[in-house]
Amino acid sequence: MEMLIDIVLFSMMVATALAIVRLRSLFAVVMLAGVFSLLSALLLVTLDAVDVAFTEAAVGAGISTVLMLSTLALTSRSEQPSAKAGLTPLLVVLVTGAALVYGTLDMPSFGDPNAPATTHVAPDYLERSQHEIGVPNVVTAILASYRGFDTLGETGVVFTAGIGVLLLISGLRRRRRQKGEEE
Amino acid sequence: MIRHHLILRVVTKLLIGPIMLFALYVQFHGDYSPGGGFQAGVIMAVAFIIYGVVFGLATVQQVLPPWLVHKLLALGVIIYAGTGFASLFLGYAYLDYGAFSPAHPEHGQHWGILAVELGVGITVTGVMVAVYYAFAARTPMLSDEDW
């Protein structure tokens with residue numbers, strides 16, 4: 001059953017990606033990118049990574065779509081058709097894809113109890129968090145308590161990114177300078 | 001204000017309340033269910049952004065003025081870092097939430113996680129809305145045909 005769901009989701013993602021490549025209307029491309037995000041969120045749900053799926057749906061499908069649309073409003077709404085035949089890009093994509101598939105051959109199989117990711121600190125967190133933190137959602141316990149410093153840094157990064165965008169494109173400085181000139 | 005898209009405007013007004021409520025649920029129920037500050041912040045920002053998209057930038061900026069958004073950006077980080085300093089002044093390590101309830105360290109952890117998640121949520125909401133304002137303020141409203 002899970003296999004079937006995976007196959008359906010992946011073929012829908014491939015179809016969406018092909019449509020994105022073929023389309024020239026950037027509005028449709030942005031919408032399809034949102035669809036792609038939602039599909040990958042569903043994929044993460046089947047992997048039981050609900051927290052990540054939640055983030056992907058909210059950020060990837062929600063906010064990025066709105067921001068891409070705002071960017072489209074600033075620039076052009078349709079892609080220029082390229083004159084060259086796309087043989088080199090196809091080659092690059094095929095080689096990269098082959099390298100990635102070759103890379104997965106060495107990976108431990110899904111759910112392998114001896115995989116490095118499940119033998120290092122994960123069992124320790126799972127064992128300790130219930131009586132040390134007492135929070136049922138282990139992801140929250142790790143994120144906000146065990147890794148509190150990391151999350152503080154992450155919040156700092158979000159803050160810095162926001163300030164950077166504000167300084168670059170909101171025109172706060174320009175407005176102030178104009179006010180200064182008027183005075 | 002542009003007086004068209006009647007269905008969009010009515011549905012948006014109906015949706016904004018539940019969206020904000022859901023954001024608060026994700027924010028404060030993050031200990032028990034998927035979600036937390038990051039997701040809740042984005043969802044809360046979406047409530048404002050959808051209002052701006054449908055009703056125009058000027059309308060949403062009456063509800064949430066840009067200067068307030070800029071303060072929110074910093075407020076979240078201050079809440080997070082302040083929680084750390086609070087535990088520091090109570091004689092514990094930085095961000096050691098056990099400080100808030102020495103007799104029951106578990107309760108202290110709950111308080112600490114709630115506080116820092118609130119900080120994260122406020123910063124993320126602020127950043128998302130600020131970025132949307134920054135983009136939207138640069139373009140005049142496009143007519144439907146232009147899309």
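**Exercise 1.** What percentage of the 183 residues in chain A is buried?

*Solution.* Start with the cut-off: buried means under 20% relative accessible area, exposed over 50%, and partly exposed in between (1.4 Å probe, protein chains only). Buried residues then make up 25% of the 183 residues in chain A. Keep in mind that this is a predicted model, where local features need pLDDT of at least 70, side-chain atom pairs count only at pLDDT 80 or more, and totals for chains, interfaces and linings use all residues. Residues are numbered from 1 along each chain as its sequence is written, chains are lettered from A and ligands numbered from 1 in the order in which they are written, and side-chain values use heavy atoms, leaving out hydrogens and water.

**Exercise 2.** How many helices and strands does chain A have?

*Solution.* Count DSSP runs, numbered from the N terminus: helices are H or I with at least four residues, strands E with at least two. Chain A has 9 helices and 0 strands.

**Exercise 3.** Locate A:M12 and decide: is A:M12 buried, partly exposed or exposed?

*Solution.* A:M12 lies in helix α1 (residues 2-22) of chain A. A:M12 has a relative accessible area of 43%, so A:M12 is partly exposed.
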